[in-house]
Amino acid sequence: MSSDLTHQRLPHSPAPLFWAFSWMALQGFGGVLTVAQRELVERRGWFTDQEFLEEWALAQVLPGPNICNLAVVFGGRCCGWRGSAAALAGLLCLPLLLLIGLMWGYQQLSTWPAVAGALRGMMAVVVGLIAGACLKLSKPLLSHPMGPLWCGAVALCALLAIAWWRVPLMVCVFGLGGAACVWTGWRLRGAP
């Protein structure tokens, strides 16, 4: 994350982290990326768009679920290990209880055609949510040191590598991601 992170509204105790990540997790059906961006950047102002992308990039390359990584890293930056624990607990505790209840209900209702149809219909919503988040998150790339054209080219290569050519994610992250990191470092060294 940028070293100039000086937002006045950053949490200074574990409790706001717990409740913020609980709220995100309870809204994040099908994934929390879109909700995390809206909650942490737009609603709470704990990140700028650029800072969120930097933190998300770190969470993306660490092993484990991305949003859990984000919770642990951000919570740790705000309140040390207690912040990490609070953010992660907020992300997992209430949704776990909800999931147990939903699984019990699903076992009772899974044979109903309306339930199966509703779940299939949600696929389009999830794709739309992910596409919307991608568009929101692409804005900071306009001022990226590589330039928007090359950022777009790297993003397109990553999309094609994963979706079309079925390149393993690890190869894509370390191959394309490594090349983009080296190129960005080279451009930053040559910057005035």
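Colleague: What is the relative accessible area of C181?
Modeller: This is a predicted model, in which local features need pLDDT of at least 70 and side-chain atom pairs count only at pLDDT 80 or more, while totals for chains, interfaces and linings use all residues. Residues are numbered from 1 along each chain as its sequence is written, and side-chain values use heavy atoms, with hydrogens and water left out. On the scale used here, buried means under 20% relative accessible area, exposed over 50% and partly exposed in between, with a 1.4 Å probe and protein chains only. C181 counts as exposed, its relative accessible area being 57%.

Colleague: How many disulfides does the structure hold?
Modeller: A disulfide is a covalent bond between the sulfur atoms of two cysteines, and it is assigned here to a pair of cysteine sulfur atoms within 2.5 Å. The sulfur of C68 has its closest cysteine sulfur in C93, at 11 Å, and that is too far for a bond. C181 is in no disulfide either, since the nearest cysteine sulfur, that of C151, is 11 Å away. The number of disulfides in the structure is zero.

Colleague: Is C68 buried or exposed?
Modeller: The relative accessibility of C68 is 14%. With that value, C68 counts as buried.

Colleague: Which residues do ring pairs link into a cluster?
Modeller: The structure holds six aromatic pairs, where rings of Phe, Tyr and Trp (its six-membered ring) pair if their centres lie within 6.5 Å, and where planes under 30 degrees apart count as stacked, over 60 as edge-to-face and the rest as tilted. One of these pairs is F47 with F52, which is edge-to-face, with 5.8 Å centre to centre and 75° between the planes. F47 is buried at 2% relative accessibility, and F52 is buried as well, at 0%. The cluster linked by ring pairs consists of W46, F47, F52, W56 and F74.

Colleague: Which residues do salt bridges that share partners join into one network?
Modeller: Four salt bridges are present, each defined as a side-chain nitrogen of Lys or Arg within 4 Å of a carboxyl oxygen of Asp or Glu. E39, which is buried at 2% relative accessible area, bridges to R43 with the closest N and O atoms 2.5 Å apart, and to R44 with those atoms 2.8 Å apart. R43 and E39 are four residues apart in helix α2 (residues 33-43), so about one helical turn separates them; helices (H or I, at least four residues) and strands (E, at least two) are DSSP runs, numbered from the N terminus. The network made by shared partners joins E39, R43 and R44.

Colleague: How many residues apart are E42 and K136?
Modeller: E42 forms a salt bridge with K136, in which the closest N and O atoms are 3.2 Å apart. E42 is partly exposed at 46% relative accessibility, and K136 is partly exposed at 40%. The pair links distant parts of the chain, E42 lying in helix α2 and K136 in helix α5 (residues 113-137), and the separation in residues is 94.

Colleague: Which helix gives the most to the nonpolar patch?
Modeller: Patches are made of residues with over 30% relative accessible area and no salt bridge, like charges being joined within 9 Å and nonpolar side chains (Val, Leu, Ile, Met, Phe, Trp, Tyr) within 5 Å. On the surface, L96, L99, I100, M103, Y106 and L119 form such a nonpolar patch, with about 590 Å² of accessible area together, as given by the Shrake-Rupley method with a 1.4 Å probe, where for residues only the protein chains shown count as cover. I100 is exposed at 53% relative accessible area and has its place in helix α4. With five residues, the helix that gives the most to the patch is α4 (residues 66-109).
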